[in-house]
Amino acid sequence: MALDTEPATIEEQEEIDEEEWEPRLDAPAHHPSAPLDELFEISTTVDPGYIISLIRKLLPTNASDNHTSHGVDACVDSKVAGNDHVEESSASLYGDEILNSSNKMSESMNIVQDYDKNAQTEGENEESCHGFNLPGNSVGEEAWEEYGCILWDLAASKTNAELMVENLVLEVLLANLLVSQSVRVKEISLGIIGNLACHEVPLKHVVSTNGLVEILVDQLFLDDTQCLCEACRLLTLGLQSCEPIPWAEALQSEHILCRILWIAENTLNLQLIEKSVGLLLAIIEGQLEVVHVLLPPLMKLSLPSILINLFTFEMGKLTSERIPERYSVLDVVLRAIEALSALDGHSHQICSNKELFILACDMVKLTDKVEVANSCVTAAVLIANILSDATDLASDISQDLRFLQGLLDIFPFASDDLEAQSALWNIIARLLLHVRENEMSQSSLSQYVSVLASKSDLIEDILLDYQLDDCSDKDKGMNTSCTKSNAKTTAIRRLISILDRWIVSKDSAEENNMAGELHPDNVSVNRLLDCCRKSSKCNDASCFMD
């Protein structure tokens, strides 16, 4: 939902007519995750009093457990209403804590009462422009959803989010999670908290709200798909934050980790697969403390096998029928496997799996890579990680010309990814080191050179970019270009040797009238050889000067 980008006064806000609020009432049943880089810093013209009135409308009133409901409702309602006197309740698990901060809530919510009085004295336009009556004691579930969805959207704004947590929206949502039996209410509550968690200050409030993180983790045991998606998204944000330890500690129980793995392995919902594997990826790529707490038990619970099985299934789908909706699932699964393959002490089960290696190579050999370009790049990085541990596998694919073509085709998709470029050069260098051009038959050598000649324009562009990068590094005073170019240098020298050998053997075959069936384009070969030699000399000079 787009919000105005210029701040406005209260008087200007009063001029907004009712029609401008109607799209908020017709909000879709499920709201997507808030963008991380577009909407969070925008200003808003939404009145604080209106937001607070919406928070009040979300107070829970019904629950199957009346004893618990009475305690939670009494505590939260006392804070929102700002009463001078609050009776203690021993029924609620979180009652004491909420009551202890009642004075704070009385102060923060006084603006609601002032806002109500102003609205009544200044006219009825302020009430009607929002499309709602001002705060009431309770609402039905449909109305609750309506108000909750508006807050869900508004929480995408940093300003709105901070206002919400200052006025105890988290306590209200916690109460709903505790007492509501509606999965839709739980989904919306999780969605609002998820958007709040995208901002630094509100996220700290989430962590500091007693019992909230544990209750959020408990939502993983719901059977509703959308609730599980929102729960996984929220927990992922927590683990990726600057304070991930409370989240990791809340997740470390074996039965919780088993539940996450079970969801990822058994759900058929594509969004939930993506969100649950994304949660696992956040653990694998997390801070050292997170990895130390959560990864060892996950490894014991067969995390590598589950990820490999998911990748196998997605590759089967990709090769049999291309379904665009599954591309993001394939990407996150591959990213999780690649991240695991790079972790010391945890990579063995990945790097020793021959079937996984073959599947990753098949990914590289896809002829149409555009739609799954990111996955192809990730597969190449994964292969480089595997070859660093299982060096003998390089000889198995050194004669696979389709694989060599596939590697070269991935370079344009990795133009902005230095790690991926380094991985590609590393793989090519390992492959070419296993090519014995002096021992190859003329036919086999011609086939190899034909592949290189067919990609000569691409290789020249890659080498040109490589030279420009080296010059750029030198201009910036960087002294690491020689170290970083070791794999590139090895690959280029091997290309020169292979091309030189083919030219010599071709000349000899022509003299003896023994030309092979394949005839690589001489012009392309010579131009490629000249480019490789120039690149090699440039790199040697660069390293010498360094």
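Ile-193 touches Leu-170, Leu-173, Leu-177, Val-206, Leu-212, Leu-216 and Leu-234, residues up to four places away in sequence not being counted; contact means heavy atoms within 4.5 Å. The model is predicted: local features need pLDDT of at least 70, side-chain atom pairs count only at pLDDT 80 or more, and totals for chains, interfaces and linings use all residues. Residues are numbered from 1 along each chain as its sequence is written, and side-chain values use heavy atoms, with hydrogens and water left out.

**Ile-193**
- Ile-193 lies in helix H11; helices (H or I, at least four residues) are DSSP runs numbered from the N terminus.
- Ile-193 is buried, its relative accessible area being 0%; buried means under 20% relative accessible area, exposed over 50% and partly exposed in between, for a 1.4 Å probe and protein chains only.
- Between the C-alpha atoms of Ile-193 and Ala-155, which are 38 residues apart along the chain, the separation is 8.2 Å.

**Helix H10 and its packing on H11**
- Of the 11 residues of H10 (residues 169-179), 10 are buried, among them Glu-171 and Asn-176.
- The axes of H10 and H11 (residues 183-196) come within 9 Å and cross at roughly 150°; axes are lines fitted to C-alpha atoms, for helices over the stretch in contact, and angles run from 0 to 180 degrees between N-to-C directions.
- H10 and H11 are therefore roughly antiparallel; angles under 35 degrees count as roughly parallel, over 145 as roughly antiparallel, 65 to 115 as roughly perpendicular and the rest as oblique.
- Val-169, Leu-170, Leu-173, Asn-176 and Leu-177 of H10 make the contact with Val-185, Lys-186, Ser-189, Leu-190, Ile-192, Ile-193 and Leu-196 of H11.
- By class, this contact of H10 with H11 has nine nonpolar, two polar and one charged residues; Ala, Val, Leu, Ile, Met, Phe, Trp, Tyr, Cys and Pro count as nonpolar, Asp, Glu, Lys and Arg as charged, and the others, Gly among them, as polar.

**Helices H3 and H8**
- H3 (residues 48-57) and H8 (residues 141-154) pack at an angle of about 135°, their axes being 9 Å apart, and are therefore oblique to each other.
- Tyr-50, Ile-51, Leu-54, Ile-55 and Lys-57 in H3 meet Trp-144, Tyr-147, Ile-150, Leu-151 and Leu-154 in H8.
- The contact of H3 with H8 has nine nonpolar, no polar and one charged residues.

**Largest nonpolar core**
- Leu-239 and Met-363 touch the most other members among the 163 residues of the largest nonpolar core, a set of buried Ala, Val, Leu, Ile, Met, Phe, Trp, Tyr and Cys residues joined through side-chain atoms within 4.5 Å.

Terms used. Helices (H or I, at least four residues) and strands (E, at least two) are DSSP runs, numbered from the N terminus.
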